[in-house]
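Please go through the points below with the model open.

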Amino acid sequence: MSDRQRVAVVTGGGGGIGAGIAEELGRGGWYVVTVDPLVTLDGSAQIPDPEESTADRINAAGGSARASSVSVTDRQAVRTLFQELADERGGLDAVVNVAGITRQTYFGKGTEEDWLAVLAVHLDGYLNVLDAALPIMADAGYGRVLGVTSGSGWREADAGAYSCAKRAIAALTWQLGRQAPPGVTVNAMSPIAATRMMASALERARKAGRSGGGGISFLSVAEPEDLGPFGAYLVGEGSGWCSGRVLFAGGPEVAVVDEPRLIEVVRTDPVVSLDKVLDEVVPAAFAKAEANQASAGGGNPRFGPIFDQAAEPGAEPATVRSCVVVSDRPVLVASLKDALEARSFRCRQIEPARGFAEAAKALQAVVDDFGPVDAVVVAPSGRAPAPSVEGWERVLADHRDIVERIHTDAGWARAVADYAAEAAHPVRLVTLTDASTTGGRSRAQAAAQHARVAASATEGRVTAFAAGLEAPEDAAGRTAGGLVAHLLDHPEAAGLAGAELVVGDGWLGLRSHPRPIGSVTFGGPSLPDWLDGTLREIVGAGGLATGKETR
């Protein structure tokens with residue numbers, strides 16, 4: 001970097017965690033632009049300008065800052081702001097995206113308007129920020145981007161659109177960080193602090209009779225400003241070693257949250273009988289690994305010559321006999337119907353309607369004509385890979401319509417939940433996501449996150465499964481068909497509800513859920529100078545600091 005003053009943008013910098021990070025950057029000599037339209041927690045109305053803004057406090061303390069009322073949902077306005085700032089100040093060194101709203105959305109509750117509003121701010125808004133910041137940073141050969149995800153996006157949490165958006169942001173971070181331009185890092189913070197948003201969420205949970213917040217006490221968490229030093233550290237010059245990481249921040253301690261990783265894989269082609277392989281391996285290996293979040297392999301071989309054996313009469317099948325296949329992928333539909341009809345399922349295929357009301361209407365039309373439905377398989381097409389760009393630009397292009405696609409998946413989940421409740425009839429839901437692109441993989445992770453809470457959110461009426469198809473449908477179709485038939489027919493399949501299943505070319509896999517792989521407790525909010533070294537060791541980047549001073 002040159003000797004000019006460093007420049008940072010902090011969205012959501014008008015209060016809470018964003019303000020804490022912005023003020024810490026201001027104390028560090030940065031020129032800070034806080035971007036905040038100053039709206040209510042649900043984003044539905046403007047609030048009066050505060051007597052003293054975050055920018056005012058930075059300036060009063062001897063720093064330099066200004067405020068902007070641009071919304072992250074305004075793609076062109078964000079682009080214009082960032083470019084004008086870079087032209088005016090000589091560059092854009094860091095962007096911290098904390099902007100967010102909160103509305104009541106759950107697996108089986110919440111209006112479509114609220115779903116779309118939450119996705120628009122948290123997910124599409126962040127994509128707008130990335131779309132504006134990364135070209136400037138790529139041209140400069142330097143930059144730091146810090147997004148914000150949430151424990152509700154990687155722990156089991158019935159937070160609907162918020163959970164889906166925050167998981168997609170985590171998935172985007174893990175992928176984009178590996179493709180970031182030279183000199184640029186992309187990470188995400190998963191913070192917890194005593195903010196207005198957290199207080200509102202816990203109060204809603206209390207009124208609804210839910211535990212809320214994973215058992216977290218509002219009184220036990222850090223103040224928003226206590227997260228400022230760690231946020232500033234993640235966008236500092238010394239953090240260039242760290243990219244593509246999700247880091248939990250709780251004030252007195254931090255942790256590295258690892259991405260989903262394969263913990264069980266089984267060959268599915270060539271085999272004599274796919275049903276034989278799945279009936280042997282899925283309950284004995286996959287279900288156990290899902291329960292323990294670890295493979296039980298690494299010892300004596302667990303299975304005999306299953307790949308060369310024919311299927312045997314199985315256990316008593318589940319009660320699922322009628323299935324609706326919601327898909328516009330002809331090759332995949334043929335594979336699904338072949339596998340299901342071979343197990344005596346009655347199948348009806350329909351085109352994927354988009355939107356909550358449209359999905360409910362389409363499902364009801366099938367019920368009226370076809371009779372009660374025991375299962376719904378949702379397998380819409382995905383976005384085609386961007387044809388002319390590579391690297392980070394391709395990752396962004398792959399994600400451009402992810403909100404629309406998560407909205408479609410959520411609409412069918414809602415239609416199934418409503419039908420199961422109204423008919424007092426249990427339903428199994430399988431979401432098959434085209435995960436052959438980076439955007440598709442983020443969508444698949446959002447679907448898996450949503451599926452994790454289906455049973456508890458619907459009092460057991462909906463059992464939801466999710467699988468990402470990471471190979472073309474002609475290569476993945478046979479395995480996908482066998483997997484779906486197994487999930488709907490096998491009496492022990494419920495052990496994989498909410499699991500992160502993946503179908504490749506000739507194989508089936510199970511990934512772990514995101515989880516902390518290492519934590520550092522230091523008391524905070526000041527950071528010890530050995531923090532950098534310990535975090536490097538946790539992620540495998542090498543080094544272990546030994547100093548004792550704090551900063």
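1. Strands S12 (residues 375–378) and S13 (residues 427–434) run parallel and are joined by four bridges. Val378 faces Thr431 of S13. Strands here are DSSP E runs of at least two residues and helices are H or I runs of at least four, numbered from the N terminus.

2. The model is predicted: local features need pLDDT of at least 70, side-chain atom pairs count only at pLDDT 80 or more, and totals for chains, interfaces and linings use all residues. Residues are numbered from 1 along each chain as its sequence is written, and side-chain values use heavy atoms, without hydrogens and water.

3. Eight strands make an open, mixed sheet, ordered S9-S16-S15-S14-S13-S12-S10-S11. Pairing requires at least two DSSP bridges between two strands. S9 (262–267) and S11 (346–350) are the edge strands, each pairing on one side only.

4. Helix H12 (residues 402–423) lies across S10 (322–326), S11, S12, S13 and S14 (462–469). H12 runs at about 175 degrees to S13; angles go from 0 to 180 degrees between N-to-C directions.

5. Which residues of helix H11 (residues 391–398) are buried? They are Trp392, Val395, Leu396 and Asp398 (buried: under 20% relative accessible area, 1.4 Å probe, protein chains only). Because they cover an arc of only 160 degrees around the axis, they sit on the same side of H11. The buried residues of H11 pack against H4 (112–140), H5 (160–179) and H13 (438–451) (contact: heavy atoms within 4.5 Å).

6. The protein chain averages a pLDDT of 93, and 92% of the residues score at least 70 (pLDDT: the predictor's confidence in each residue, from 0 to 100). Over residues 544–551 the pLDDT is below 50. Where pLDDT is low, predicted coordinates should not be read in detail.

Definitions and conventions: Buried < 20%, exposed > 50% of the residue type's maximum accessible area, 1.4 Å probe, protein only. Arc of directions from axis to C-beta.
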